[in-house]
Amino acid sequence: MPEKPSVLFVCVHNAGRSQMAAAWLSHLAADRVEVRSAGSAPAGQVNPAAVEAMREVGIDISAETPKILTVDAVEESDVCITMGCGDTCPVFPGKRYLDWELDDPAGQGVEAVRPIRDEIKRRVEGLVAEIAPEPTV
């Protein structure tokens with residue numbers, strides 16, 4: 001049985017997009033994927049509008065805290081997905097890198113965060129189908 005794939009989501013503050021993406025992946029793939037998130041310049045707390053937007057879909061990220069991006073986190077992940085942090089992510093051979101262009105929810109209300117949340121869900125669903133499909137019985 002192959003090891004479960006691991007995914008690292010990275011955005012600058014690790015307070016909005018990457019937190020929502022990590023929560024969606026954990027929710028949609030259950031225990032089939034190892035999930036990490038980090039930021040190149042982590043904020044002091046997760047964006048309250050992101051917390052509220054995720055709460056609306058039944059996912060609680062209120063206990064999450066922004067984490068600093070480390071070389072180890074990248075090295076230990078199979079797929080690294082950046083969200084507007086550009087070249088601050090270290091690159092290792094043999095890893096898969098994706099860049100998801102998403103609006104930054106920082107400083108925006110929950111109304112502006114909802115479409116970002118929904119777009120992240122759509123992309124995460126595609127990722128799950130590709131790297132950790134439901135086991136067939």
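1. Axes here are lines fitted to C-alpha atoms, for helices over the stretch in contact, and angles run from 0 to 180 degrees between N-to-C directions. Helices (H or I, at least four residues) and strands (E, at least two) are DSSP runs, numbered from the N terminus. The model is a predicted one, in which local features need pLDDT of at least 70 and side-chain atom pairs count only at pLDDT 80 or more, while totals for chains, interfaces and linings use all residues. Residues are numbered from 1 along each chain as its sequence is written, and side-chain values use heavy atoms, with hydrogens and water left out.

2. Helix 1 (residues 17-29) packs on helix 4 (residues 110-131) at an angle of about 45°, the axes being 9 Å apart. The two are therefore oblique to each other, a class left over once angles under 35 degrees (roughly parallel), over 145 (roughly antiparallel) and 65 to 115 (roughly perpendicular) are set aside.

3. With contact meaning heavy atoms within 4.5 Å, the helix 1 side of this packing includes Met20, Trp24 and Leu28, and the helix 4 side includes Ile116, Ile120 and Val124. The contact residues comprise eleven nonpolar, no polar and four charged.

4. A nonpolar core is a set of buried Ala, Val, Leu, Ile, Met, Phe, Trp, Tyr and Cys residues joined through side-chain atoms within 4.5 Å; buried means under 20% relative accessible area, exposed over 50%, and partly exposed in between (1.4 Å probe, protein chains only). The largest such core has 33 residues, of which Val7, Phe9, Ile61 and Val124 touch the most other members. Helix 4 supplies its largest share, eight residues. A second, separate core of eight residues includes Val10, Ala38, Ala73 and Phe92.

5. Ile59 is located in the loop between helix 2 (48-55) and helix 3 (71-75), and it counts as buried at 9% relative accessibility. Beyond neighbours within four places in sequence, Ile59 contacts Ala23, Trp24, His27 and Met54. Its C-alpha lies 8.1 Å from that of Trp24, at a sequence separation of 35 residues. Ile61, under the corresponding exclusion, contacts Gln19, Met20, Ala23, Val46, Ala50, Val51 and Met54.

6. Asn14, in the loop between strand 1 and helix 1, has a positive phi of about 50° without being a glycine, and counts as buried at 0% relative accessibility. Ala30, in the loop between helix 1 and strand 2 (34-39), likewise has a positive phi of about 50° and is not a glycine; Ala30 is partly exposed, at 47% relative accessible area.

Note on methods: Nonpolar A, V, L, I, M, F, W, Y, C, P; charged D, E, K, R; others polar.
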